[in-house]
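Subject: Structure handover and notes

Dear colleague,

I am passing on the structure we spoke about, and my notes follow directly below it. Please read them with the model open beside you.

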Amino acid sequence: PGSCPALCECSEAAKTVKCVNRNLTAVPPDLPSYVRNLFITGNRLARLPAGAFPPQRLPDLSALNLSGNHLQAVEAGALAALPALRQLDLSGNPLDSLSPQAFGEGGSPLEELVLHGALRNHSVFLSLAAMLQSGALRNLSRLELADNGLLLLPAGMFTALPALRQLDLSNNSLVGLRNVSFQGLGQLQSLNLSDNSLGVLRNSTLAQFRGLPALQRIGLGRNAWVCDCAIEDLVAWLKESDQVEGKEALTCAYPDKMLGKALLKINGSELNCSVPVDLPSQLQTSYVFLGIVLALIGAIFLLVLYLNRKGIKKWMHNIRDACRDHMEGYHYRYEINADPRLTNLSSNSDV
């Protein structure tokens, strides 16, 4: 039980095993059972199969670092045999496959998950989102998703993480948070959105931030803020909020005339928002006006009909009498044509 695998360094006093830069292609099978902190980094594992960690072999392993291993696949059940696992670092691995059942069917006690630069493959990111939404990692308090080139986030990605305290989404390419829900993250204390491509934060997102009672730190630095009329709500929120770190340094990236302008120093006159251009509102107003005009024309038409009701009635009677005379003529000709005797008589009379 106290032996140390070849190519690894062990410290029983510190409950730590380090297998660093040893070109390992698999997890050593003879890890000592006392280990609590395991570092297998800078190797060539390629894949983490089911049973990579033997059942009941590592009952106390709480921190596992697998960063920088060229790891491409984490298969179902690969981490299921680690009942005490609290911290997992998979950063720096070019993952192509991440099974939603990697922690087994019953979920995991995992509290910290670090995935820096490990989710460049979009399908792997969707697999992670499915895992989070399933509730398999409900105990997560720290989630780091920085440096993954993320453009958009699934709407309900964080809804099953009630214990989350730290969320790092920095150094991605996020262009908006309109469909992202932070509701239910009542324990969230830190949210890092710096180094993205955010142009504006809508009122719906700002309302969610206001509704998070524990949120103390929000990072928004180095984003491409678009300083037009749509940014007024964000500016107003920045001026009243003390949650944003370094908010004085937030500046406009577009348009050119506002480049470098501090968001906190923007006023409404600079944005030319006195006459807002709201196409849906204009269309709605046009439809209302058109309806009023049509209703007025209809009312005038009905009034004209009412005032000329006697003349219209007489005109209708005349038309009825004319139609009756015309139909009687047709009926008479039909009776003559239908009776041969009357036909002959009519012919003789003509002669």
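This is a predicted model: local features need pLDDT of at least 70, side-chain atom pairs count only at pLDDT 80 or more; totals for chains, interfaces and linings use all residues.

Residues are numbered from 1 along each chain as its sequence is written, and side-chain values use heavy atoms, with hydrogens and water left out.

The two annotated spans

Helices (H or I, at least four residues) and strands (E, at least two) are taken as DSSP runs, numbered from the N terminus. On that basis, residues 3-37 are 0% helix and 26% strand, with the end C-alpha atoms 16 Å apart. Residues 287-307, by contrast, are 100% helix and 0% strand, and there the end C-alpha atoms lie 31 Å apart.

Two strands are said to pair if DSSP finds at least two bridges between them. Eleven strands form an open sheet with mixed pairing, in the order β1-β2-β3-β5-β7-β9-β10-β11-β12-β13-β15. Its edges are β1 (9-11) and β15 (244-245), each of which has a single partner strand, so one side of each is left without a neighbour in the sheet.

The hairpin of β1 and β2 has four residues between the strands, and K15 takes a positive phi near 55° in it. On to the next pair, β2 and strand β3 (residues 37-41) run parallel and are joined by five bridges; K18 stands opposite F39 in β3, while the bridge partner of V17 is L38. Three bridges then join β3 to strand β5 (residues 63-65), again running parallel, with F39 opposite N65 in β5. Further along, strand β7 (residues 87-89) and strand β9 (residues 112-114) pair in the parallel sense over three bridges, and the partner of D89 in β9 is V114.

The three-stranded sheet

There is also an open sheet of three strands, ordered β4-β6-β8, in which the pairing is parallel. Here β4 (47-48) and β8 (97-98) stand at the edges with a single partner strand each, so one side of each has no neighbour in the sheet. Strand β6 (residues 73-74) pairs with β8 in the parallel sense over two bridges, and A73 stands opposite S97 in β8.

The contact of two helices

Two packed helices are described by the angle between their axes and the distance between the axes. Axes are lines fitted to C-alpha atoms, for helices over the stretch in contact, and angles run from 0 to 180 degrees between N-to-C directions. The axes of helix α2 (residues 203-210) and helix α3 (residues 232-240) come within 10 Å and cross at roughly 20°. The two helices are therefore roughly parallel to each other, a term used for angles under 35 degrees, with over 145 counting as roughly antiparallel, 65 to 115 as roughly perpendicular and the rest as oblique. The crossing of α2 past α3 is left-handed, meaning that the near helix is turned anticlockwise from the far one by less than a right angle.

With contact taken as heavy atoms within 4.5 Å, N203, L206, F209 and R210 of α2 meet D233, L234, W237 and E240 of α3. These residues divide into four nonpolar, one polar and three charged, where Ala, Val, Leu, Ile, Met, Phe, Trp, Tyr, Cys and Pro count as nonpolar, Asp, Glu, Lys and Arg as charged, and the others, Gly among them, as polar.

Two backbone details

A cis peptide bond joins Y254 and P255, with omega about -10°, and P255 is placed in the loop between β16 (252-254) and α4 (268-271). D195, although not a glycine, has a positive phi of about 60°; D195 is found in the loop between β12 (190-192) and α2.
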